Amino acid sequence: MYIHNYKRAFERQISLLEECKTLSKENRKIALGFKDFLLSDGIGLAKIARYLLEIRKFNDLLKKQFTKATEVDIRRVVAIIEQSVLHQKE
């Protein structure tokens, strides 16, 4: 018996992604395609579940279509994330 139910966590993150009201249809399609890519590449369910959670957070910070994001947009989001991580360590 597993300590953590990775399959359940994975399925839950897919449901949350599909139900996410701030995620556009295009971004949802990209995120689910990324999930399929990771599965086909042999990445574990726990790691994919974590990535799906982070995709929703990234989407909320980016506030635009993934395909229209510029380098400046991505750097802005990464800076916000890095700043929040630094505050957590203090």
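1. Basis. This is a predicted model: local features need pLDDT of at least 70, side-chain atom pairs count only at pLDDT 80 or more, and totals for chains, interfaces and linings use all residues. Residues are numbered from 1 along each chain as its sequence is written, and side-chain values use heavy atoms, without hydrogens and water.

2. H1 against H3. The axes of H1 and H3 come within 8 Å and cross at roughly 25°. Axes here are lines fitted to C-alpha atoms, for helices over the stretch in contact, with angles from 0 to 180 degrees between N-to-C directions. Helices are DSSP runs of H or I with at least four residues, numbered from the N terminus. H1 and H3 are therefore roughly parallel to each other. Angles under 35 degrees count as roughly parallel, and those over 145 as roughly antiparallel. H1 passes H3 in a left-handed crossing. Left-handed means that the near helix is turned anticlockwise from the far one by less than a right angle; clockwise is right-handed.

3. Residues of that contact. From H1 come Tyr6, Lys7, Ala9, Phe10, Gln13, Ile14, Leu16 and Leu17. H3 brings Leu45, Ala46, Ile48, Ala49, Leu52, Leu53, Ile55 and Arg56. Contact means heavy atoms within 4.5 Å. By class, the contact of H1 with H3 has 13 nonpolar, one polar and two charged residues. Ala, Val, Leu, Ile, Met, Phe, Trp, Tyr, Cys and Pro count as nonpolar, Asp, Glu, Lys and Arg as charged, and the others, Gly among them, as polar.

4. H2 against H3. Helix H2 (residues 25–40) and helix H3 (residues 45–62) have axes that come within 10 Å and cross at roughly 160°. H2 and H3 are therefore roughly antiparallel to each other. Their crossing is right-handed. On the H2 side, the contact is made by Asn27, Ala31, Phe34, Lys35, Leu38 and Leu39. On the H3 side stand Leu45, Ile48, Tyr51, Leu52, Ile55 and Asn59. The contact of H2 with H3 divides into nine nonpolar, two polar and one charged residues.

5. Core. The largest nonpolar core has 14 residues, of which Phe10, Leu17, Leu23, Ile48, Leu52, Ile55 and Phe66 touch the most other members. Such a core is a set of buried Ala, Val, Leu, Ile, Met, Phe, Trp, Tyr and Cys residues joined through side-chain atoms within 4.5 Å. Helix H1 (6–19), H2 and H3 each supply at least two residues of this core. H3 gives the largest share, five residues.

6. Leu52 and Lys35. Beyond its neighbours within four places in sequence, Leu52 is in contact with Gln13, Ile14, Leu17, Ala31 and Lys35. Lys35 belongs to helix H2. Lys35 is buried, at a relative accessible area of 13%. Buried means under 20% relative accessible area, exposed over 50%, and partly exposed in between (1.4 Å probe, protein chains only). Not counting residues up to four places away in sequence, Lys35 touches Phe10, Ile14, Ile48 and Leu52.

7. Val78 sits in helix H4 (residues 71–89). Val78 is partly exposed, at 40% relative accessibility. The C-alpha atoms of Val78 and Leu61 are separated by 9.3 Å. Lys57, in helix H3, is also partly exposed, at 41%.

8. Lys63. Lys63 lies in the loop between H3 and H4. Lys63 is exposed, at 71% relative accessibility. Phi of Lys63 is near 60°, a positive value in a residue other than glycine.

Key. Parallel < 35°, antiparallel > 145°, perpendicular 65-115°, else oblique.
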